[in-house]
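Please examine the sequence and the three-dimensional structure shown here.

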Amino acid sequence: MASKLTCRFPHRHNKDGSHDSICISCYATVASVRNEAELAQYEQDHVCNMAFLNYSFQSCPAPNDHPAHETG
Ligand SMILES: [Zn+2]
């Protein structure tokens, strides 16, 4: 299977005239440029930080000391 970009990059247009590209897969700001056309190159070069994503998923603590409710 050929490698294909799975990230999508919505662009955010700032009031100062700059344009941000956001990766919705890893929530990284890919780039912030004055010329929106430049974003395409940054998006091509972008690699999602899966290590960060894994870390985020593991950040949910497991309640080992869950107090048991007294029953009866
Ligand atoms: Zn990404």
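The side chains of Arg12 and Asp20 form a salt bridge, with 2.9 Å between N and O. A salt bridge is defined here as a side-chain nitrogen of Lys or Arg within 4 Å of a carboxyl oxygen of Asp or Glu, and by this rule the count comes to 1. In general, side chains of opposite charge can pair when their charged atoms come close. Buried means under 20% relative accessible area, exposed means over 50%, and partly exposed lies in between, with a 1.4 Å probe and protein chains only.

The model is a predicted one, in which local features need pLDDT of at least 70 and side-chain atom pairs count only at pLDDT 80 or more, while totals for chains, interfaces and linings use all residues. Residues are numbered from 1 along each chain as its sequence is written, and side-chain values use heavy atoms, with hydrogens and water left out.

Consider next the sheet. It is open, has 3 strands in the order S1-S2-S3, and its pairing is antiparallel. Strand S1 (11-13) and strand S3 (29-33) are the edge strands, each pairing on one side only. Neighbouring strands are turned by 20° against each other on average, direction ignored; the axes are lines fitted to C-alpha atoms, for helices over the stretch in contact, and angles run from 0 to 180 degrees between N-to-C directions. Strand S2 (residues 19-22) pairs with S3 in the antiparallel sense over 4 bridges, and Ser21 has Ala31 in S3 as its bridge partner. Two strands count as paired if DSSP finds at least two bridges between them.

The hairpin of S2 and S3 has 6 residues between the strands. Tyr27 is found in this loop, and its phi is near 60°, a positive value in a residue other than glycine. Most residues other than glycine have a negative phi. Tyr27 counts as exposed, at 66% relative accessibility.

What are the protein donors of the zinc ion? They are Cys23 (SG), Cys26 (SG), His46 (NE2) and Cys48 (SG), lying 2.1 to 2.4 Å from the ion. Donors are N, O and S atoms within 2.8 Å of the metal (3.2 Å for Na, K and Ca); water is not among the atoms, so sites may look incomplete. The donor residues are spaced C-x2-C-x19-H-x1-C in sequence. Cys23, in the loop between S2 and S3, and His46, in the loop between helix H1 (39-45) and helix H2 (50-58), link distant parts of the chain, 23 residues apart. Both Cys23 and His46 are buried.

Finally, the protein chain comes to 2 helices and 3 strands, which run β-β-β-α-α from the N terminus on. Helices (H or I, at least four residues) and strands (E, at least two) are DSSP runs, numbered from the N terminus. Of the 72 residues, 24% count as buried.
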